Every structure is written in structure tokens, then in C-alpha cells.
Amino acid sequence: MLDADFFRRWMTATAASVDREAERLTALDSPIGDADHGSNLQRGFTAVAAALEKEAPQTPGAILTLAGRQLISTVGGASGPLYGTLLRRTGKALGDPGEVSEDQFAQALRAGVDAVMTLGGAAPGDKTMIDALVPAVDALGDGFAAARAAAEEGALATTPLQARKGRASYLGERSIGHQDPGATSSALLIAGLAEAAGE
Ligand code: ADP
Ligand code: MG
Ligand code: MG
């Protein structure tokens, strides 16, 4: 079972890796974006970690809902509402229990990813965060380490794609040959799950 501490560890592990990788995320957002993805998420996850400490929500659902709300109010840009929706929708799907099974979590995360696709209109292959999140959710039944590997592979596989959503799509064919920053940060988010699980 996954308890509130697991979800807190997930968020703090992600905040730490986003902090470590912020420069790389911003560098990826430079050729096909506006060079702010790392700083956007760094600001967002710093706020998430601070809010979790201050408000100390006690259930998995409440932790993710609070985290999502923080991302929406602090990140801005395209990725803030999208990541905020991902965590809020996942948290809402988890509901009130103090512990959830890995299966329940996998279902909830799928609902979160579906909400991101509805909000942003992106499908797999459009060179967005969806290209890391969908393979991760598909692999989650095989464990957190499998989800992490699938997300990393999905992020790498965005390089040859042409962007069809977001800022990078304005570049048309010139978006080809660059790894998508949002898919890369999504791989960090999923890696945070494996870290929280001690894998
Ligand atoms: P902005 O483009 O507003 O500066 P960020 O740089 O923080 O926002 O985030 C860019 C990332 O957001 C992209 O790399 C992409 O993965 C993701 N993204 C942008 N638009 C969409 C969308 N419509 N659906 C899903 N993800 C998207
Ligand atoms: Mg940007
Ligand atoms: Mg921006």
C-alpha cells in the first residue's frame, strides 16, 4: 500500500531532481521554446515542497491536490496548468483514503494523464510531456522502475518528432532533432516515484 508519506516523498524527490536539472530543462527549452522550463518548474516545485511542509495534508489525495494547486498558481506558461491538472486530477481520483494500492494509484494517474490530454489537446507523438507520461502509465502495472524506464525512453524518443502542440509547434520542421523539455521533466516526475519507493 502507498501511504501519505510515500506521496510526500514523491513530491520532495521531484522537487530535488527538478532543482538539480533546472539548467538542463531550460537549455532544452532554448532551441524549441523560450528557455524558461527549468526555472518555471523549479519555482513550482519549490512552492509545492513549502506548501506540503506548512499545511501538512494527511492523505495521498490531499497531498496531490495541494501540489497541483501550487503548480497552477506559481508556474504559469503552458506547463503550469498541465502539470497542475495532472496532480489535481490524480489526487481527486485517489479520494479520501489514508492509503491506496498501487493499482488504485495507476488508475488515478491514468485519469490525471487523460485530463492533461483533454486540457492541452495533445496526443502521443505530438512531442509533449504526453510522450513520457502515457508510456509511464502503461508500464506502471510492472512497477515504478518499469514506469521510470518507459518515461525516460519516451522522452528520448521525442527528439526526431515534429512538435504539433505548444510553443515548439510554431517552429514546424525546425522542431525536429531536439528533445522535448516537458517530456524530459515528466521523466523526472516519474523517476521521483521510483525514488519514493526506494527503487
Ligand atoms: P511555455 O511553453 O509556456 O514556456 P514551459 O516551457 O514551462 O511552458 O513548458 C513547455 C512544455 O510544455 C513543452 O515542452 C511540452 O512538453 C509541454 N506542452 C506545451 N503545450 C502542451 C500541450 N498542449 N499538451 C501537453 N504538453 C504541452
Ligand atoms: Mg518555455
Ligand atoms: Mg514560457
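This is a predicted model: local features need pLDDT of at least 70, side-chain atom pairs count only at pLDDT 80 or more; totals for chains, interfaces and linings use all residues.
**View 1. Lysine 127 in the loop between helix 5 and helix 6.** Lysine 127 is placed in the loop that runs between helix 5 (102–120) and helix 6 (130–139). The backbone angle phi of lysine 127 is near 65°, which is a positive value in a residue other than glycine.

**View 2. Helix 5 against helix 6.** Two packed helices are described by the angle between their axes and the distance between the axes. For helix 5 and helix 6, the axes come within 10 Å and cross at roughly 155°. Angles over 145 degrees count as roughly antiparallel, and helix 5 and helix 6 are therefore roughly antiparallel to each other. Their crossing is left-handed. On the side of helix 5, the residues that take part in the contact are Ala106, Leu109, Arg110, Val113, Val116 and Met117, and they meet Ile130, Leu133, Val134 and Val137 in helix 6. Sorted by class, the residues of this contact comprise nine nonpolar, no polar and one charged.

**View 3. Helix 2 against helix 3.** The axes of helix 2 and helix 3 come within 8 Å and cross at roughly 140°, and that angle makes helix 2 oblique to helix 3. The crossing of these two helices is right-handed. Helix 2 contributes Arg43, Gly44, Ala47, Val48, Ala51, Leu52 and Glu55 to the contact, while helix 3 contributes Ile63, Leu66, Ala67, Gln70, Leu71 and Thr74. By class, the contact of helix 2 with helix 3 holds eight nonpolar, three polar and two charged residues.

**View 4. Alanine 56 in the loop between helix 2 and helix 3.** Is alanine 56 buried or exposed? Alanine 56 sits in the loop between helix 2 (37–55) and helix 3 (60–74), and it is exposed, because 12 other C-beta atoms lie within 10 Å and a residue with 12 or fewer is given that label. Phi of alanine 56 is positive, at about 45°, although the residue is not a glycine.

**View 5. Arginine 20 and valine 48.** Arginine 20 lies in helix 1, which covers residues 4–28. Arginine 20 counts as exposed, because it has 11 C-beta neighbours inside 10 Å. Arginine 20 and valine 48 are 28 residues apart in sequence, and their C-alpha atoms are 16 Å apart in space. Valine 48 is also one of the helix 2 residues in the contact with helix 3.

**View 6. Threonine 118 and leucine 82.** Threonine 118 is found in helix 5, and it is exposed, because 11 other C-beta atoms lie within 10 Å. The C-alpha atoms of threonine 118 and leucine 82 are separated by 9.9 Å, although the two residues are 36 residues apart along the chain.

View 7. Leucine 156 lies in helix 7, made up of residues 144–156. With 16 C-beta neighbours inside 10 Å, leucine 156 counts as partly exposed, because that label covers the range between the exposed and the buried cut-offs, 12 or fewer and 20 or more. From leucine 156 to aspartate 131 there are 25 residues in sequence and 9.3 Å in space, C-alpha to C-alpha.

**View 8. Proline 160 and serine 175.** Proline 160 is found in the loop between helix 7 and helix 8 (181–196). Proline 160 is exposed, because 11 other C-beta atoms lie within 10 Å. Proline 160 and serine 175 are 15 residues apart in sequence, while their C-alpha atoms are 8.6 Å apart in space.

**View 9. The annotated region, residues 5–195.** An unreviewed UniProt entry lists residues 5–195 as "domain: DhaL". Over residues 5–195 the chain is 69% helix and 1% strand. The end C-alpha atoms of this stretch are 13 Å apart.

Methods: Residues are numbered from 1 along each chain as its sequence is written. Chains are lettered from A and ligands numbered from 1 in the order in which they are written. Helices (H or I, at least four residues) and strands (E, at least two) are DSSP runs, numbered from the N terminus. Axes are lines fitted to C-alpha atoms, for helices over the stretch in contact, and angles run from 0 to 180 degrees between N-to-C directions. Angles under 35 degrees count as roughly parallel, over 145 as roughly antiparallel, 65 to 115 as roughly perpendicular and the rest as oblique. A crossing is left-handed if the near helix is turned anticlockwise from the far one by less than a right angle, and right-handed if clockwise. Two residues are in contact if their C-beta atoms, placed from the backbone, lie within 7 Å. Ala, Val, Leu, Ile, Met, Phe, Trp, Tyr, Cys and Pro count as nonpolar, Asp, Glu, Lys and Arg as charged, and the others, Gly among them, as polar. UniProt positions are given in the numbering used here, feature names are shortened, and annotations may be inferred rather than shown by experiment.
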